[in-house]
Amino acid sequence: MDNVLRKHQDSFFWIFTNGTLFGNIFGLKIQNLKNVFFFFSLEGSESETDFRRGKGVYEKILKSMERARSLEIPFGFSCTVADYNVRSIDKDDFIDEMIDNGCKGGIYIDYKDYFEGKEGIRECLLEEKTEFEKNILAKNFEKDIWFLYIDSIERELGGCQGGKRFIHLDPQLGIANCPLQTDIKGFFAKNRFSRLFSE
């Protein structure tokens, strides 16, 4: 991965990771690169994160943040906005904790119900999304950290920008226009739209 980052200095890379494999060796390899920003994926508090990602993951993420901070590698956090955490991940106590851990920014991405609630969570109601968007965008003017709410950005830009302004690289460096592409294909393949992906 570090070879790709070095080769394409004219591109900027956002790397989303749960942080469990973010080690000193990799950190040292990318320490001085100026074209990369890490987002450590969590779901809010320790209980909310471990509920979705597994017991002990939250603590591993905090340790990875500490390691990145010690190497002066810029990073932030990302959260999936769903029914079980929408009322907490825009609150001061969570945001202040992320700032204290060294986060420079935060990205919020909506959970979508085409995943069929397989993780025991559901997409937020429209009213919940509207209230969340209002709260989190206001924090841009209240806190020493920046936030992006993807749903809001897509509306402003006229839809998803996957394949237009950005592409997605998977862990094997495969290219897709959208990080959700594989999951969406899997969903449709099991339903009446399977002919769309028959090729």
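1. Let's start where two helices meet: E46, T49, D50 and R53 of α3 touch V57, Y58, E59 and I61 of α4 (contact means heavy atoms within 4.5 Å). By type, the residues in this contact are three nonpolar, one polar and four charged.

2. Keep in mind that this is a predicted model, where local features need pLDDT of at least 70, side-chain atom pairs count only at pLDDT 80 or more, and totals for chains, interfaces and linings use all residues. Residues are numbered from 1 along each chain as its sequence is written, and side-chain values use heavy atoms, with hydrogens and water left out.

3. Back to those helices: α3 (residues 46-53) and α4 (residues 57-70) pack at about 110°, and their axes are 8 Å apart. That angle makes α3 roughly perpendicular to α4 (the label covers 65 to 115 degrees).

4. Now look at D110, in strand β4 (residues 105-110). D110 is buried, at 10% relative accessible area (buried means under 20%). Its side chain makes a polar contact of 2.8 Å with that of Y149 (a pair of N or O atoms within 3.5 Å, one able to donate a hydrogen and the other to accept it). Beyond four places in sequence, D110 also touches T80, V81, K129 and D151.

5. How far can you trust it? The chain averages a pLDDT of 78 (the predictor's confidence in each residue, from 0 to 100). Over residues 181-199, pLDDT stays under 50.

Notes: Axes fitted to C-alpha atoms, helices over the stretch in contact; angles between N-to-C directions. Helix = DSSP H or I, 4+ residues; strand = E, 2+ residues; numbered from the N terminus. Parallel < 35°, antiparallel > 145°, perpendicular 65-115°, else oblique. Nonpolar A, V, L, I, M, F, W, Y, C, P; charged D, E, K, R; others polar. Buried < 20%, exposed > 50% of the residue type's maximum accessible area, 1.4 Å probe, protein only.
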